[in-house]
Amino acid sequence: MALTGTYVPSKAEWVRKQVEQYEASGGEKANTLPGTSYPIVVVTSVGAKSGNLRKNPVMRVERDGAYLAVASKGGAPDNPEWYYNFVAHPEVELQDGPEPHLYKARILEGDERADWWEHAVATWPTYASYQEKTDREIPLFLLERA
């Protein structure tokens, strides 16, 4: 069953355009981080305060059918807005290709986090430099098919 609610597009124009092109093409267009060859997926979450649907492109970090959402925000000192959505409403939709599917998001800790962090950095090395920029430990959410 799909998430329900009113979709409110991002305030960031590049996010709005990328999500729109990705969804309209079934993931065939706008499927990489702009200006790179690194693949992305689109995650839909329910707003922590508003209850509105929010859509964000995130780096595609996948292993054995599970995905990782890295709340890096480019190494900023605070978490991205979607972090709070995942905490408040852990059921999300993830689209990796033509169709979205429901996933349950859970924050990783300990050895499991360390294992997935290593995989994330191997997938997209820039995550390591993001961690160096901030004092906070970058949160990792594992998204598993519901």
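Student: How do the residues of the lining of the largest pocket divide into nonpolar, polar and charged?

Tutor: Happy to start there! In this predicted model, the lining divides into 21 nonpolar, 9 polar and 6 charged residues. The pocket has a volume of about 1000 Å³, and its lining counts 36 residues.

Student: Which residues lie nearest the centre of the largest pocket?

Tutor: Those are V15, N56, P80, E81 and W82. Elements that give two or more residues to the lining are helix 1 (13-24), strand 2 (53-59), strand 4 (66-70), helix 2 (81-88) and helix 4 (126-133). Strand 2 gives the most, with 6 residues.

Student: Why is the pair of Y83 and F141 called edge-to-face?

Tutor: Let's take it in two steps. Rings pair if their centres lie within 6.5 Å, and the centres of Y83 and F141 are 5.5 Å apart. Planes over 60 degrees apart count as edge-to-face; here the planes stand at 65°, so the pair is edge-to-face. By this rule the count comes to 11 aromatic pairs.

Student: What parts of the chain does the pair of Y83 and F141 link?

Tutor: Distant ones: Y83 belongs to helix 2 and F141 to strand 7 (residues 140-145), 58 residues apart. Both Y83 and F141 are buried, a word that stands for under 20% relative accessible area.

Student: Which residues do ring pairs link into a cluster?

Tutor: The cluster is made up of Y38, W117, W124, Y127 and Y130.

Student: What makes K55 count as sitting over the ring of Y7?

Tutor: One requirement is that the charge be within 6 Å of the ring centre, and the charged end of K55 is 4.7 Å from the centre of the Y7 ring. The other is a direction within 35 degrees of the ring normal; K55 does sit over the ring.

Notes:
Residues are numbered from 1 along each chain as its sequence is written. This is a predicted model: local features need pLDDT of at least 70, side-chain atom pairs count only at pLDDT 80 or more; totals for chains, interfaces and linings use all residues. Side-chain values use heavy atoms; hydrogens and water are left out. On a 1 Å grid over the protein atoms alone, a cavity is a set of points where a 1.4 Å probe fits but cannot get out, and a pocket is an open set with protein on both sides within 12 Å along at least five of seven lines; lining residues have an atom within 4 Å of a point. Grid points are joined across faces, edges and corners, and a volume is the space filled by probe spheres set on the points. Helices (H or I, at least four residues) and strands (E, at least two) are DSSP runs, numbered from the N terminus. Ala, Val, Leu, Ile, Met, Phe, Trp, Tyr, Cys and Pro count as nonpolar, Asp, Glu, Lys and Arg as charged, and the others, Gly among them, as polar. Rings of Phe, Tyr and Trp (its six-membered ring) pair if their centres lie within 6.5 Å; planes under 30 degrees apart count as stacked, over 60 as edge-to-face and the rest as tilted. Buried means under 20% relative accessible area, exposed over 50%, partly exposed in between (1.4 Å probe, protein chains only).
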